[in-house]
Amino acid sequence: MKDFGIILNGSAHSVSGTFDVLNPADGSLVGRAPGAGVEELNAAVAAAAQAFPAWSALSDEDRKAACHAAAAKIEEHSEELAELLTREQGKPLNGLGSRFELGGAGAWAHYTADLEMPVKVLQDNNEGRVELHRKPIGVVGSITPWNWPVMIAVWHILPAIRAGNTVVNKPAPQTPLSTLRMVELMNEVLPAGVVNCVSGDDALGKAMSEHEGIGKIIFTGSCATGKKVMASASETLKRLTLELGGNDAGIVLPDVDPRQIAEGLFWGAFINSGQTCAALKRLYVHEDVHDAVCEELVAFARNIPMGNGLDENSILGPVQNREQFQIVANLVSEAMAGGGTVLMGADPDGGDSLFYPVTILSDMKNGDRLVDEEQFGPALPIVRYSDIDEAIRMANDNPNGLGGSVWSNDIERAKEIAGRMECGSVWINRHGTIQPNAPFGGVKNSGVGVEFGEEGLFENTNIQTVFC
Ligand code: NAD
């Protein structure tokens, strides 16, 4: 069984303590991760700080080339990383699983490498010239979650280094191995110290948020932890990008063809067994098409195989950890006790299994916890509505505001409704599709700032205004 090391100043180093990483599909040991503490964190921050002057002084073209080389390393080892990811995260190799995640990570990394940071001329006249320059911040601390660990690490690391920063990443303790290995591979082509990776428990994340040597934190995770990061970061006035939880609503209008939208609704809700920030987490369906939409969605869902992710036939995997499994199970039990109708699922095997079946419930309403709270698992509540203004009010009646969707054959009408939804991204006739050139972030409790595209890149910079 492999012991992994922290990635510090260009290479892997073992530390005195380790912790076990288990496969959620069968409980087997995947590997032992280094349990780094404050001492290792300090060393990683020091390595990143030491690498910063030379890295930030490189020409744009040289930094771009180095970022492309790091992206190529991910691609070159994508099958190895996909298998490790499946074993520690549970998501299947196939479907929208590990191979899909690795493909996205490589493509995202290349796209980000090519982003530009030109000097912007704000004024150039007889009264003088004013220029806006984008400068790197210094050491960026990246804290990542367990649902899309490799992809999210790339979303954090690549824009940070493209802009000239150096990085210390801390993966989630449930899924640290694929990130540690990916960062090790990147270090085969990047200068030592530019990207470091330390795994450990949650206290390490707190220590990063407080660390005097870190200039910015980019954090992806739950709203509750995001608020803690913001509080810990206040003492050192760190720059922050917070990508937090979502409870995305979808609104289905009466003019849809239920069969045509079933597949899009299913993947919107159940991608990665629902463990996705911008998954469809509550569905409001007009009464005219309610029964037909439920029927088509269930018919589609019944054909999607769930199983051990290493089995090439599996398309959905288990819930990643016991704590999350219990959250989903409790929300569904409560929904059933409160009058929800189970259309499918809600009958886990029991015992130690972390496989929770695809579960769809109708007769749900705002005020039910499964509707009001983020389930982050394979359980979708459906709410019937008759009046569109009421549906929009119910969709917006939530502290989160990550994504949302409208489903209709009338695109102009759908866009008008989309504009009234309180969320950072809104999709029409699909849900949760993201791309590297389109900014992504939450409003309300779902976060601060955005990732992706030029706007995401700029979050890794400070502005310096030059008056000539
Ligand atoms: P989490 O908040 O429990 O953990 C995320 C990371 O924070 C982990 O690395 C953890 O070790 C670290 N951490 C824990 N306590 C900390 C502290 N006090 N200070 C600093 N770091 C700390 O989240 P999770 O359970 O791993 O992920 C699931 C959540 O993430 C869901 O709510 C999901 O919606 C959200 N998420 C959001 C996005 C997005 O882009 N908006 C993407 C993926 C996941």
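Relative accessible area sorts residues into buried (under 20%), exposed (over 50%) and partly exposed (in between), with a 1.4 Å probe and protein chains only. By that scale E188 is partly exposed, at 49%.

The structure is a predicted model, in which local features need pLDDT of at least 70 and side-chain atom pairs count only at pLDDT 80 or more, while totals for chains, interfaces and linings use all residues. Residues are numbered from 1 along each chain as its sequence is written, and side-chain values use heavy atoms, with hydrogens and water left out.

**Salt bridges**

A salt bridge here is a side-chain nitrogen of Lys or Arg within 4 Å of a carboxyl oxygen of Asp or Glu, and the structure holds 28 of them. Helices (H or I, at least four residues) and strands (E, at least two) are DSSP runs, numbered from the N terminus.

| Pair | Closest N to O distance |
|---|---|
| R162 and D60 | 3.2 Å |
| E188 and K73 | 2.8 Å |

E188 lies in the loop between α6 (177–186) and β9 (195–197) and K73 in helix α2, so their bridge ties together parts that are 115 residues apart in sequence. R162 is buried, with a relative accessible area of 0%, and D60 is partly exposed at 26%. A further network of salt bridges links D389, R413, E416 and R420.

**The largest pocket**

A pocket is an open set of points on a 1 Å grid over the protein atoms alone, where a 1.4 Å probe fits, with protein on both sides within 12 Å along at least five of seven lines; lining residues have an atom within 4 Å of a point. The volume, which is the space filled by probe spheres set on grid points joined across faces, edges and corners, is about 1200 Å³ for the largest pocket. Its lining comprises 43 residues, with W146, G221, S222, C223 and T225 nearest the centre, and α8 gives the most, seven residues. Domain 1 (6–244 + 446–467) and domain 2 (248–428) both contribute to this lining, so the largest pocket lies between them; the domain bounds come from an automatic or database domain assignment.
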